[in-house]
Amino acid sequence: MQKIASFGSQQCQSKDSVHSAMCTITGSPDELVVNVACTAKSEEHVSELMQYVNDALLPQMEKFLGIQFEVRNLQFAVAGHESLAAAPSPLDEVAYPTNWLDRPFSAPAPTPTSGLEIATGESPTDLSMA
């Protein structure tokens with residue numbers, strides 16, 4: 001199985017449009033699992049690569065093994081250059097207060113406009129579901 005998995009990796013990597021590829025086969029003969037991770041050099045090659053793996057490579061590997069894969073875990077990605085995002089601008093502390101981060105699990109204190117206050121002489125209503 002290792003030789004067939006190496007064959008799968010090599011076949012993917014031999015394509016000009018492939019940046020990198022890795023193939024593994026796990027499981028028992030009753031439940032073979034193939035894992036293929038393939039990274040294309042550009043986005044325009046991804047669909048061609050997917051078609052090649054599904055329609056040509058995996059059937060060829062199954063033929064060599066004499067058994068079909070029970071599970072096919074296929075991952076396709078595009079190689080690229082990471083671009084760093086611009087630094088975020090600082091938040092306006094008045095519009096977006098962050099002081100709650102100092103004690104994130106404490107209950108907020110009721111304010112006159114919060115609607116959480118209880119009128120004097122009034123008992124709180126039990127809202128539990130009994």
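**Reading contacts, cysteines and the core**

Mentor: Happy to. Leaving aside neighbours within four places in sequence, Phe64 is in contact with Ile4 and Phe7. Keep in mind that this is a predicted model.

Trainee: Where does Phe64 lie, and how many residues apart along the chain are Phe64 and Ile4?

Mentor: Phe64 belongs to helix H2, residues 46–65. Ile4 is 60 residues apart from Phe64 along the chain, yet their C-alpha atoms are separated by 7.5 Å.

Trainee: Next, the cysteines. How many disulfides does a search of the whole structure find?

Mentor: The search finds zero. For Cys12, the nearest cysteine sulfur is that of Cys38, 4.1 Å away. A disulfide needs the two sulfur atoms within 2.5 Å, so the sulfur of Cys38 is too far from that of Cys12 for a bond. Cys12 is buried, at 1% relative accessibility, and Cys38 is also buried at 1%.

Trainee: And how do I read a core?

Mentor: In soluble globular proteins, nonpolar side chains tend to be buried together. Here, the largest nonpolar core has 21 residues, and those with the most contacts inside it include Leu58 and Phe69. Helix H1 (2–13), strand S1 (18–28), strand S2 (31–40) and H2 each supply at least two residues of this core. The largest share, seven residues, comes from H2.

Trainee: What does Leu58 touch?

Mentor: Not counting residues up to four places away in sequence, Leu58 touches Val34, Val36, Val53, Phe69, Arg72 and Leu74.

Key. Residues are numbered from 1 along each chain as its sequence is written. This is a predicted model: local features need pLDDT of at least 70, side-chain atom pairs count only at pLDDT 80 or more; totals for chains, interfaces and linings use all residues. Side-chain values use heavy atoms; hydrogens and water are left out. Helices (H or I, at least four residues) and strands (E, at least two) are DSSP runs, numbered from the N terminus. Contact means heavy atoms within 4.5 Å. Buried means under 20% relative accessible area, exposed over 50%, partly exposed in between (1.4 Å probe, protein chains only). A nonpolar core is a set of buried Ala, Val, Leu, Ile, Met, Phe, Trp, Tyr and Cys residues joined through side-chain atoms within 4.5 Å.
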